[in-house]
Amino acid sequence: MAASDQAELRVDLAALAANYKTMQKHAGAAQTSAVVKADGYGLGMAQIVPTLAAAGCKVFWVAQLNEGIALRALLPEAVIYVLNGVPRGTAKEFAAHDLRPCLITMAQVEEWQAYCQDNHQDNTPLPACLFVDSGFNRLGFGELGVAELAAKPQLFDGWELSLIASHLACADDPTHPMNAAQLERFRNALAALPKAPASLANSGGTMLGPDYHFDMVRTGTMLYGCSATAREEDALLPIASLRAPLLQTRQLSAGDSIGYGATFTASGEMTIGIASLGYGDGLSRYFGTHSPSKVRFTIGGHPVALLGRVSMDSLAVDLTDLAGLARPPAVGDMVEIFGTDNPIDRLARQGNTISYELLTSLGSRYNRIYS
Ligand SMILES: *Cc1c(COP(=O)(O)O)cnc(C)c1O
């Protein structure tokens with residue numbers, strides 16, 4: 001077989017289905033919906049979504065209208081919520097693709113209502129989610145906005161309030177006082193608003209227990225095998241592994257430097273390998289600038305340190321300690337950037353980032369293999 005100079009991203013769809021079932025168990029009586037924004041967290045919405053649907057998922061979330069339209073083409077039956085809401089003049093498109101906006105401002109509520117009352121001929125009230133801000137201060141109705149809505153019940157005429165949702169800021173830290181504070185504000189909002197099913201928890205929120213589950217949880221990162229809390233052991237099955245082939249190995253002597261900026265200098269004899277993956281593939285250059293000596297990948301399960309700066313198409317790893325193996329690393333061998341030997345959450349910590357960012361930064365020139 002011909003060797004490849006291409007990195008490969010393997011996605012284990014059976015593990016994804018298993019993770020969905022595990023999240024269902026964590027969610028207890030609440031419905032488990034799946035968040036597939038940003039192309040299924042970078043893993044490929046078109047491949048991810050049929051697996052989740054086959055595993056029993058009936059409700060999906062994306063961030064933007066265009067993502068919702070793409071998702072509808074994949075799933076004719078599912079319920080699809082769009083987190084960013086309904087931008088001015090787009091209600092018709094939402095209706096045409098049977099998408100449910102998360103209404104985040106009074107203008108959006110009025111727009112949705114007006115569309116349902118004026119344009120929707122068969123007079124079926126179209127469903128939408130009302131998004132409440134319980135302290136994140138990102139999107140949705142804050143306390144004053146909720147009070148304003150509660151004071152004008154006629155704003156709910158003509159459309160269907162299918163869900164009231166909010167989002168947690170600190171669900172990754174079960175001890176954070178923000179969780180209980182947001183829970184209380186969300187309960188107050190639910191008490192003030194017309195009765196509807198409710199949803200508060202993302203993956204981390206699901207792990208906070210039944211108080212946070214309400215009628216539906218919205219799971220993203222844990223489905224994809226990343227932990228939603230600071231605890232690596234909370235991660236479910238890894239579903240993605242990223243590996244890049246060695247293109248060349250080289251011997252260095254004391255004083256030789258590596259890469260752009262010559263930021264790493266060998267203090268003695270070394271063996272290094274050049275792997276076919278760089279910042280052009282989504283591995284931030286930051287990995288090689290802030291403290292590269294901490295960053296570890298693996299070859300055949302053995303840790304190898306990143307050396308010097310990450311280039312656009314390649315990076316250098318230290319093979320010196322593996323030179324004594326019965327079969328030392330050679331051209332064509334795969335460096336695991338993250339995967340089963342090198343958990344994505346660990347790599348994210350070494351790069352001072354989070355696994356969400358690693359996944360959504362994934363590049364497009366890998367050989368993508370879905371199994
Ligand atoms: C992205 C997102 C989620 C999913 O969060 P995870 O931490 O990936 O489970 C849920 N709800 C909202 C509003 C989001 O923006």
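Lysine 37 counts as partly exposed, at 25% relative accessibility. The cut-offs are these: buried means under 20% relative accessible area, exposed means over 50%, and partly exposed lies in between, with a 1.4 Å probe and protein chains only. This is a predicted model, in which local features need pLDDT of at least 70, side-chain atom pairs count only at pLDDT 80 or more, and totals for chains, interfaces and linings use all residues. Residues are numbered from 1 along each chain as its sequence is written, and side-chain values use heavy atoms, with hydrogens and water left out.

Stay with lysine 37. It sits in helix H2, residues 37–41. Helices (H or I, at least four residues) and strands (E, at least two) are DSSP runs, numbered from the N terminus. Not counting residues up to four places away in sequence, lysine 37 touches Trp61, Val62, Ala63, Glu67 and Leu83. Contact here means heavy atoms within 4.5 Å. The unreviewed UniProt entry annotates Lys37 as "modified residue: N6-(pyridoxal phosphate)lysine". UniProt positions follow the numbering used here, feature names are shortened, and annotations may be inferred rather than shown by experiment.

Now turn to the ligand. Which residues come nearest to it? Of the 14 residues around the ligand, they are Lys37, Tyr41, Ser203, Thr221 and Tyr356. A residue is near a molecule or strand if one of its heavy atoms lies within 4 Å of it.

Tyrosine 356 places a polar side-chain atom 2.7 Å from a ligand oxygen. Threonine 221 uses its backbone: an N or O atom there is 2.8 Å from an oxygen of the ligand. Glycine 220 has a polar backbone atom 2.9 Å from a ligand oxygen. On its own, the ligand has 390 Å² of accessible area, and the protein covers 94% of it. Accessible areas come from the Shrake-Rupley method with a 1.4 Å probe; for residues, only the protein chains shown count as cover.

Tyrosine 41, one of the residues that come nearest to the ligand, also lies in helix H2. It is buried, at 5% relative accessibility. Its phi is positive, about 50°, although tyrosine 41 is not a glycine. Phenylalanine 214 has a positive phi too, of about 45°, and is not a glycine either. Phenylalanine 214 belongs to the loop between helix H9 (203–206) and strand S9 (216–219). Its relative accessible area is 24%, so it is partly exposed.

Next, look at glutamine 108. It is in helix H6, residues 106–118. With a relative accessible area of 9%, glutamine 108 is buried. A polar atom of its side chain lies 3.1 Å from the backbone nitrogen of valine 86. Leaving aside neighbours within four places in sequence, glutamine 108 contacts Asn84, Gly85, Val86, Pro87, Cys102 and Leu103.

The cysteines come next. A disulfide is a covalent bond between the sulfur atoms of two cysteines. The rule applied here is a pair of cysteine sulfur atoms within 2.5 Å. By this rule there are zero disulfides. Cysteine 129 is in no disulfide; its nearest cysteine sulfur, that of cysteine 102, is 3.8 Å away. Cysteine 116 is buried at 2% relative accessibility, and cysteine 129 is buried at 0%.

At 0% relative accessibility, leucine 16 is buried. Leucine 16 and tyrosine 224 are 208 residues apart in sequence, yet 6.4 Å apart in space, C-alpha to C-alpha. Not counting residues up to four places away in sequence, leucine 16 touches Ile48, Thr51, Leu52, Leu223, Tyr224 and Ile239.

Finally, step back to the protein chain. It has 12 helices and 18 strands. Of its 371 residues, 52% are buried. Among contacts with a separation of 6 or more, 66% join residues 24 or more positions apart. The C-alpha atoms fill a box of roughly 80 × 45 × 40 Å along the principal axes. The chain exposes about 16500 Å², and carbon and sulfur atoms supply 51% of that area.

Key:
A polar contact is a pair of N or O atoms within 3.5 Å; within protein, one must be able to donate a hydrogen and the other to accept it, and residues adjacent in sequence count only if both atoms are side-chain atoms.
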